[in-house]
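Let's take a walk through this protein together. Have the sequence and the 3D view ready, and we'll go spot by spot.

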Amino acid sequence: MFWRESTLNQRLALVVAVLFLIGCHVTPIQAQSADPPADPTIHIVQRGDTLLSIANRYGATVDAITHANGIPDPRQIYLGQRIIIPSAANDLEITETVPYVFQIGDTLTAIARRYRTTWQTLAQVNNLLSPNVLYTGQVIQVPTIATLTSNDMGNPVPIERYDTSYVVRPQDTMLRIALKHGISPWTLTTASHVANPALIYPGQALTAPGLGEGNGHLPTPFASITVQPLPVAQGTVMVIKVHTIESVTLTGELFEQTIPFAEEGGIYYALVGVHVFAETGLYDLNLTATDEQGQSTIVSTRVVVEASRFYYERIDVPAGRTNLLDPVAIARDNERLNMARRTFTPERLWDIPFERPCVGSISAYFGSHRSYNGGPYTSYHSGIDFRVPSGTPIYAAASGTVVLAEPLTLWGNAVVIDHGWGVLTGYGHLSKIEVEIGQHVERGELIARAGNTGLSTGSHLHWETWVNGASVNGLQWLEDPSTWLQVEWLAVGG
Ligand SMILES: [Zn+2]
């Protein structure tokens, strides 16, 4: 799912090249219904009418109307002309559907235009009560009217070309315009019959062949936005990857929180941890790009959070330690930990998979909903417990900087490491701390010894992973990232 742009563009360029070579212009196959409607709607052309305005008025497409009326040139209609309007119901009977994954920047109207149908038809086929309820990652059914292949997003690509014209503006370059349209500069040059791509001038009209690529219609300066995985589960991580056509300051907003972006290799990345208790459903994701002139562009979409399955555990705290459940002590710990875990360092020091922090079996999993001494299940286990004897060596899961190394009430002796990009790991109940605040540690370096300090009922390591302030399931980070994020760029050595 995490496609590489170069490959995609090459493939798109190839499709266009093939179309040019064989000189064919694929005509959409508008299948005919067996029984024409008994009483077709007729529109008499009025002053100011265009086929597009007529099509919009009746929820039909220009193509369907031109086809139904045998109009050779859509620009040539005349006052008083009788136009047959093909009905939407008719469209429904004649089509098969294929799945389409809703992308950021998509609208029902834009998808309809690309697939030569109407948003009303799409809404009807998908039983959508409102076109505004769509979210990124949602799969909708698109009626097929021509042979479709699929692009790297797994979405169907209409083979026929939907050329859009673009008027060159000052500061534009061929590369910039091509990126904006999600095509290669070569494709743009060829399609526009430009002899020398270095010599374009403001006001010049270019032809950008649109091939139905998901992000072709994002507002400048956004070139592409990828959010993965979708839907995202409670207690896991979402990665947002943004390409822009120029250098920008990028920020995001999700779960009523600011999402900081980090730049690496000309691409902007943000990681968002989804809270275990986040309600399932739709959330607004807003991305704001501010260019060097201070002009801001906002793209909004919706993402879905789905439920994770968690265990329920009853914990009985020994009588001698119930004082550790004191709300004041908990608040004091949290304040100290929150300060550390809100850290955002723009440099990425980590790779995945993480190194397991110690040997030993897992005695408690992440996310279990917990009741203490028979109380309500209002807390959850925010880390992973490894059952190990006191004194067992504890290693840094990834490279980073120590931002906390001190005794806490619940955590006991604790270490927190900042790995960059809002990713941190925490280690609790230690018998001995072997590092100091500010110290740089390498992945796999000894940082502490396991113990039974703080709110602990036996020697073990409590290990936490935080992403943008939220506790997430560290087990994911111990696995091959391709199994959960499909992000080979984060792999060790990558
Ligand atoms: Zn624990």
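Is Asp385 buried or exposed? Asp385 is buried, at a relative accessible area of 7% (buried means under 20% relative accessible area, exposed over 50%, partly exposed in between, with a 1.4 Å probe and protein chains only).

## Before we go on

This is a predicted model, where local features need pLDDT of at least 70, side-chain atom pairs count only at pLDDT 80 or more, and totals for chains, interfaces and linings use all residues. Residues are numbered from 1 along each chain as its sequence is written, and side-chain values use heavy atoms, with hydrogens and water left out.

Now find the open sheet of 3 strands, in the order S23-S29-S27 with antiparallel pairing. S23 (393-395) and S27 (432-433) are at the edges with a single partner strand each, so one side of each has no neighbour in the sheet. Strands are DSSP runs (E, at least two residues), numbered from the N terminus, and two of them pair if DSSP finds at least two bridges between them.

S27 and S29 (residues 446-449) pair over 2 bridges. Look for Lys432, which stands opposite Arg449 in S29.

Terms used:
Helix = DSSP H or I, 4+ residues; strand = E, 2+ residues; numbered from the N terminus.
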